[in-house]
Amino acid sequence: MNSRPYFLFGAALALALLLPTGCSTVAEYSTLAGQAAGVITSDQAQSINRTAAAVEKTFKDITPEQEYYIGRSVAATVMATYRPYDQSALNQYLTVLGQTLAQYSDRPETFGGYHFLAIETEEVNAFAAPGGLILVSRGLLRCCRSEDALAAVLAHEIGHVQNRHGLRAIKKGRLNSALTTLAVEAGKNLGGADLAEATKAFEGSITDISSALMNSGYARSFENDADAVAVQILTRAGYSPSALIVMLREMKSRIGTDTTRGFGKTHPSPDSRIQHVSALIGSQPAVAVPAARQQRFNDVIARLR
């Protein structure tokens, strides 16, 4: 058997996928050359071009509008498991506090705006979806003893949005989907029907990735980065950054060694984060808490059922 045509076909495919920027254009020239040499068929050429386009798509910047709709998909995935907590006064309080804190971040505005909502579960957890959709569990709210503590929670989640941690995870997953498309293409000899099915799976992967993101949580480095943003936001807004340490200690006592659900499942150990945050705060002076601030917090949290 003459292996040269298969070698040239593989070379054309490799060239098509070599450069992430403008790779579909490279693919078109490669496949035209391959067809002219008679080493690949017209169907194979079309499949290479479409696969290259899928790979190119993973490297394109996601616009703020796209981020917003991806975030909605992530939030919808979470809301399929957890119901909204039906307490309008509490949700209004979360919204006002959260949006105020967001103004002190390095990303005070998003395409769809920041939105905050309590969810009805005793799990100790919070979720930050791309674009500024932030969900806080009733169980986590019970851990808070002051508005400063709650502000620390929201500032940490805003940190995830500011640093686009969700998008960074999703973009990696989209690249994996493109590579899966490529694998199917090669394994099926680049058949048109198989290509259509693989492309459909690639396009529909965002919801699956969002679900995985919420179940596995962010990477340790992302959590540390979000804590650093939280310290910055709290300091700028006049809240005590040490409230973040207080919250981490409280959550540690609540979850114990349970790493199968909630905060323990989706976050690194509180001890490592406490050490990191303590180093960030250093010897900052304590912040006096106005009586009115504590009273408005007490009035709202007292309504938790």
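This is a predicted model: local features need pLDDT of at least 70, side-chain atom pairs count only at pLDDT 80 or more; totals for chains, interfaces and linings use all residues.
Of the 305 residues in the chain, 49% are buried. Look at the contacts too: among those with a separation of 6 or more, 74% are between residues 24 or more positions apart.

Next up, salt bridges. The count here is ten, so let's visit a few.

**Stop 1: select Asp106 and Arg236.** Their side chains meet in a salt bridge, 2.9 Å from N to O. Asp106 sits in the loop between helix H5 and strand S1, while Arg236 is in helix H11, 130 residues apart. Arg236 is partly exposed, because its relative accessibility is 39%.

**Stop 2: select Arg145 and Glu250.** Here the N to O distance is 3.9 Å. Arg145 is in the loop between helix H6 and helix H7, and Glu250 belongs to helix H12, 105 residues apart. Arg145 counts as exposed, at 51% relative accessibility.

**Stop 3: select Asp148 and Arg293.** The closest N and O atoms of this salt bridge are 3.0 Å apart. Asp148 lies in helix H7 and Arg293 in helix H15, so the pair ties together parts 145 residues apart in sequence. Are these two buried or exposed? Asp148 is buried, at 3% relative accessible area, and Arg293 is buried as well, at 10%.

**Last stop: select Arg83, Glu120, Glu122, Arg138 and Arg142.** Salt bridges with shared partners join these residues into one network.

Conventions. Residues are numbered from 1 along each chain as its sequence is written. Side-chain values use heavy atoms; hydrogens and water are left out. Buried means under 20% relative accessible area, exposed over 50%, partly exposed in between (1.4 Å probe, protein chains only). Contact means heavy atoms within 4.5 Å. A salt bridge is a side-chain nitrogen of Lys or Arg within 4 Å of a carboxyl oxygen of Asp or Glu. Helices (H or I, at least four residues) and strands (E, at least two) are DSSP runs, numbered from the N terminus.
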